[in-house]
Each structure stands twice: as structure tokens, then as C-alpha cells.
Amino acid sequence: MTHQERFLIALERRPVDRLASWLGIRATAALPQLLSHFQVAGMAGLKQAIDDDVWPMELPYHSAYSDAICMAFDFAKHGHIHNEEGTR
């Protein structure tokens, strides 16, 4: 089963060969230790090492609050919000 097949079938709540995984890391402070543990050089290597099924696609977006669409309505903070500070 390919990553795409696994992801789409899991969305349909049908049986898959294994659970679909998504790293979805927001705690960037943990990244150096994860890279060291899996002995990889970057996020692409880490996603490959854990056999990640989901690769997010960022949409072009800009507002007074943020440059990430995922935080367009983050009312908990004031001023410009960096992508690394957001919660999803």
C-alpha cells in the first residue's frame, strides 16, 4: 500500500495495512534530538526514516497576524505570530 493509498483509505475509515502516520512536528526544539536519534540531516530524512505518510502543503498566505494559513484565526496572541509558535 502506498502512502497516498493508506492516507485516503484511512480517511474513509476502511482497514489499512498499518496505521497512517504524520510527524506534524510543532515543537521545533525537539528537532535536533530527533535528527540525531534517527541519524538524519533534515526534516525530509526524518520523515523518510519514520515512514511518514503525510507531507503538508503550505498555501501562500499573509495577514497582519501571521504568514501561515493554519494560524489565520489565532486570537490568543497579539501581533505577528511565527509559524513555529502556532497550535493546530
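Trainee: Which residue does Asp-53 meet in a salt bridge of 2.6 Å, N to O?

Mentor: Keep in mind that this is a predicted model. Asp-53 lies in the segment after α3, and its partner sits in helix α1, so the pair ties together parts that are 47 residues apart in sequence. Both residues of the pair are buried. The side chain that meets Asp-53 at 2.6 Å, N to O, is that of Arg-6.

Trainee: Is Arg-6 buried or exposed, and at what relative accessible area?

Mentor: Arg-6 belongs to helix α1, which covers residues 3-11. Leaving aside neighbours within four places in sequence, Arg-6 is in contact with Met-1, Val-16, Asp-17, Arg-18, Leu-19, Ala-20 and Asp-53. Buried means under 20% relative accessible area. Arg-6 falls under that cut-off and is therefore buried, at 4%.

Trainee: With which residue does Asp-53 form a salt bridge whose closest N and O atoms are 3.0 Å apart?

Mentor: Asp-53 itself counts as buried at 7% relative accessibility. The residue you want is in a salt bridge with Asp-53, the closest N and O atoms being 3.0 Å apart, and is Arg-18. That residue lies in the loop between α1 and α2, so the pair ties together parts that are 35 residues apart in sequence. At 26% relative accessibility, partly exposed is the class for Arg-18.

Trainee: Which residues are linked with Arg-6 in a network of salt bridges?

Mentor: The count of salt bridges comes to six. One of them pairs Arg-14 with Glu-12, with the closest N and O atoms 2.7 Å apart. The network links Arg-6 with Asp-17, Arg-18, Asp-51 and Asp-53.

Trainee: What is the phi of Asp-51 near, in degrees?

Mentor: Asp-51 is placed in the segment after α3, a helix spanning 43-49, and is partly exposed at 35% relative accessibility. Most residues other than glycine have a negative phi. Asp-51 is not a glycine, yet its phi is positive, near 60 degrees.

Trainee: Where is Arg-13, another residue with a positive phi?

Mentor: Arg-13 has a phi of about 60 degrees although it is not a glycine. Its relative accessible area is 79%, so Arg-13 is exposed. Its place is in the loop between α1 and α2.

Trainee: Which residues does Ile-50 touch, not counting those up to four places away in sequence?

Mentor: Ile-50 is in the segment after α3 and is partly exposed, with a relative accessible area of 28%. Its C-alpha atom is separated by 8.5 Å from that of Phe-38, twelve residues apart along the chain. With residues up to four places away set aside, Ile-50 touches Ser-21, Leu-23 and Phe-38.

Trainee: What accessible area do Phe-7, Leu-8 and Leu-11 have together?

Mentor: Leu-8 is found in helix α1 and counts as partly exposed, at 40% relative accessibility. Phe-7, Leu-8 and Leu-11 form a nonpolar patch on the surface, and their area together is about 270 Å².

Trainee: What pattern does the protein chain follow along the sequence?

Mentor: The secondary structure comes to three helices and zero strands. Of the 88 residues, 18% count as buried, and the chain exposes about 6,700 Å², with carbon and sulfur atoms supplying 60% of it. Read along the sequence, the pattern is α-α-α.

Note on methods: Residues are numbered from 1 along each chain as its sequence is written. This is a predicted model: local features need pLDDT of at least 70, side-chain atom pairs count only at pLDDT 80 or more; totals for chains, interfaces and linings use all residues. Side-chain values use heavy atoms; hydrogens and water are left out. Helices (H or I, at least four residues) and strands (E, at least two) are DSSP runs, numbered from the N terminus. Buried means under 20% relative accessible area, exposed over 50%, partly exposed in between (1.4 Å probe, protein chains only). Contact means heavy atoms within 4.5 Å. Patches are made of residues with over 30% relative accessible area and no salt bridge: like charges are joined within 9 Å, nonpolar side chains (Val, Leu, Ile, Met, Phe, Trp, Tyr) within 5 Å. Accessible areas come from the Shrake-Rupley method with a 1.4 Å probe; for residues, only the protein chains shown count as cover. A salt bridge is a side-chain nitrogen of Lys or Arg within 4 Å of a carboxyl oxygen of Asp or Glu.
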